Protein chains: 2
Amino acid sequence: MQSLPGFRDFPPEECARRNYIFARWREVARHYGFVEWEGPLLEATELYKKKSGAEIVDQLFTFTDKGEREVALRPELTPTLARVVAAHEREFKKPLKWFSIGQFFRYEKQQRGRLREHFQLNCDITGEAGLAADIELVALCIDVLRAFGFGEKDFVIRISDREFWTDFLREKDVPVDRWDEFLQVIDKFGREPREKTAEKLGKLVDPVFATLKSGGKSEKLGKLVDGLRGRGLADFVSIDIGIVRGLAYYTGIVFEVFDRAGKFRAIAGGGRYDNLIGQLSDGTVSLPALGFAMGDVVLGELIQEISRVCQIMEKAIAQDRKIDIYVVIAKEERRADALKQIQQLRDGGYRVDYPLTPTKVARQFQAAEEAGASLAVLHGDEWPQLKIKNMATGEQELIPQENLKDYVAAHRS
Amino acid sequence: MQSLPGFRDFPPEECARRNYIFARWREVARHYGFVEWEGPLLEATELYKKKSGAEIVDQLFTFTDKGEREVALRPELTPTLARVVAAHEREFKKPLKWFSIGQFFRYEKQQRGRLREHFQLNCDITGEAGLAADIELVALCIDVLRAFGFGEKDFVIRISDREFWTDFLREKDVPVDRWDEFLQVIDKFGREPREKTAEKLGKLVDPVFATLKSGGKSEKLGKLVDGLRGRGLADFVSIDIGIVRGLAYYTGIVFEVFDRAGKFRAIAGGGRYDNLIGQLSDGTVSLPALGFAMGDVVLGELIQEISRVCQIMEKAIAQDRKIDIYVVIAKEERRADALKQIQQLRDGGYRVDYPLTPTKVARQFQAAEEAGASLAVLHGDEWPQLKIKNMATGEQELIPQENLKDYVAAHRS
């Protein structure tokens, strides 16, 4: 029996790396005053079909359930957020600053390194139309990556504005119903043969190519970068008018995060979707909103790529997995007393391990070492004294068994 | 648009309760030296069909994926554990003490309060056949519930042994291929009409009824309770030979946890499954194993039921959601400096919030209150001094802005 193609197992070492990523995500989101929420893994396919654009629907992990419902393993969180906010919005003061950490799915042709599931951090601000919210969101995205030890030489956030292009299309008298198609062409620019792009653009080809080359001018984007500069974060961003994002629902500022070396796919991406909540609630609730998502897979690859950052992770994981005390049972007659003490130590909030069955003392010390125990406490001939070994220094001392609790508390602090 | 029937949304308040449960689960499992792992949410249906018994297969959330695979949203973790351990077992020293926190699914007729998803803590010990492992596992299950504040008056673990019944069947010359069916009858005892049970048992009806009435004698179960008594945990368990658990793969000690008042379904359940890893690996890896699972739904209901325990939770959640500092921007001219300072405080590891847009000072203090801020830091006319308000005591003082970092650090410790 094997796992399904594109689905990962997380044995302890991989799970520790995943949890390290989750911990940094959660920590920084909370520094920014974001509160955690979560949606269901399964939603009606309808929720995604209407609003997310052609690309995501093709890759949906959809099926018909036993009750003949068309359902999908969620590919992204934004439509769920819009659904939940539309349903509960009166309960909350605006703006909402919500984050979520969960798993997402897609069904695409299986390729090397292309998974069918990944975990994402999603951070969204709902109910604030001003640029201050866009700045706050981009700053959060930067600080999430800084928390891993990444610097401005490691990654860049490319920022753009869909309104730049919709203004452009309005000026060129392109009908509104062709805008989505146009934005898809911009999104694919550079990934498609130049002739194909030119053909799709028709008479717009020259102004578009010129604009992409010159970079375009945008007062709003300038203000956004100024806001980040005020926080000391301007070196992490660059304006790139060629970014529009694939999803149909974006309306304003959009951004994507890449490694500076250009080796990996996007690390994160997001933007403003001011109309989505209104659309999903059939106009009963209208709230401006914006957000970004960061996946664990590309991020994990970039951590492995940059050894300085990887070392920070490995050190944190080694620290986190440590137990406090390993109880060495040198004489089986001492097992009952040892177990009573183990229970008390665990009750006291310590991580404690011991051998379940009679085991040679040398192997028990080896197990203590491997578990990263700070202390080994030996129950043996010295009873009612205990031999304590400081696993870091190798120092040993004898203490009366009734003093163990105080000794351990003093050692911890 | 609504969520699918049987699937929950977790807006912030519900998510905080879920995370509180996860945190206690993780904390106690780690006190016991268990390490975290995780498997995929989707597995080949085959993994469950063969080994888990009829009851679980009927309720499987199965479907055919776009690649014509028969797949299932996982109903339980044990078959995945057996699969992963069989594949990786050489990498790990035995016994393995692994725990996992994740979501599980079933597709059954929708009833009030019967969900199609829930979260579970799974704790398993692999590679240890002795009773010491069973005692360790039951003790862990007890201590997980104690960590929420539950006492021996709130819940009881009913413990049994499948070997008691297989010995009984051997003695009565019942052929091995009828044992599973017999165990299902014992499992349903009390939930089915007595006549139906009697009919199914045939000539075994009298000895079975007599055994269930007298409770039966089991040396192994006596030793297990003694082991728990040595740890001061005997009052949390009772021997109940009528417990056999529905799943086909159990082989030895089995147990189920109930509220003492008998109001809810089982809070947790588990037992030994010494043959499952061998069966799933076609005999290439043979390892004894045992484990339990505890779900979040019944546990959450019991927390709400017992007000003492519920208060502990609400207090912990209120404490956990607090931010450290709310920055009040009384003059918009001060916003740029305030944002620079906010960036520094967040970098320093503090949870900091502020108004994204110009807001009345009174409303900002209200927001500080609602976010549970310890301090409010006011940027106003006093600049370059800052007015600091201790939100707990209401005390206010002026400090030079360059002293803020030290002030906040002193206030925290």
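B:Asp173 sits in the loop between helix H6 (162-171) and helix H7 (179-188) of chain B. B:Asp173 has a positive phi of about 60 degrees although it is not a glycine. With 6 C-beta neighbours inside 10 Å, it counts as exposed (12 or fewer other C-beta atoms within 10 Å; buried means 20 or more). This is a predicted model: local features need pLDDT of at least 70, side-chain atom pairs count only at pLDDT 80 or more, and totals for chains, interfaces and linings use all residues. Residues are numbered from 1 along each chain as its sequence is written, and chains are lettered from A and ligands numbered from 1 in the order in which they are written.

**Two chains**
- A rotation of 180 degrees with 0.0 Å of shift along its axis superposes chain B on chain A, with RMSD 0.1 Å (least squares on C-alpha atoms of residues with pLDDT of at least 70 in both).
- The two copies are thus related as by a two-fold rotation axis.
- In chain B, the C-alpha nearest the axis belongs to B:Phe63, 3.4 Å from it.
- In the interface, 64 residues of chain B are in contact with 64 residues of chain A (C-beta atoms, placed from the backbone, within 7 Å).
- The chain B side divides into 31 nonpolar, 13 polar and 20 charged residues.

**Helix packing in chain B**
- Helix H1 (residues 12-31) and helix H13 (residues 307-321) of chain B pack at an angle of about 105 degrees, with their axes 10 Å apart.
- H1(B) and H13(B) are therefore roughly perpendicular to each other (65 to 115 degrees).
- H1(B) contributes B:Ala16, B:Arg17 and B:Tyr20 to the contact, and H13(B) contributes B:Met313, B:Ala316, B:Ile317 and B:Arg321.

**Nonpolar cores**
- The largest nonpolar core has 75 residues (buried Ala, Val, Leu, Ile, Met, Phe, Trp, Tyr and Cys joined through C-beta atoms within 7 Å).
- Helix H5 (residues 131-146) of chain A gives the largest share of this core, 11 residues.
- A second, separate core of 74 residues includes B:Leu121, B:Ile142, B:Ala268 and B:Tyr273.

**Backbone features in chain A**
- A cis peptide bond joins A:Lys94 and A:Pro95, with omega about -5 degrees.
- A:Pro95 is in the loop between helix H4 (78-88) and strand E5 (96-105) of chain A.
- Another cis peptide bond joins A:Trp383 and A:Pro384, with omega about 5 degrees.
- A:Glu68 has a positive phi, near 65 degrees, in a residue other than glycine.
- A:Glu68 is exposed, with 6 other C-beta atoms within 10 Å.

Methods
Axes fitted to C-alpha atoms, helices over the stretch in contact; angles between N-to-C directions. Helix = DSSP H or I, 4+ residues; strand = E, 2+ residues; numbered from the N terminus. Parallel < 35°, antiparallel > 145°, perpendicular 65-115°, else oblique. Contact = placed C-beta atoms within 7 Å. Nonpolar A, V, L, I, M, F, W, Y, C, P; charged D, E, K, R; others polar.
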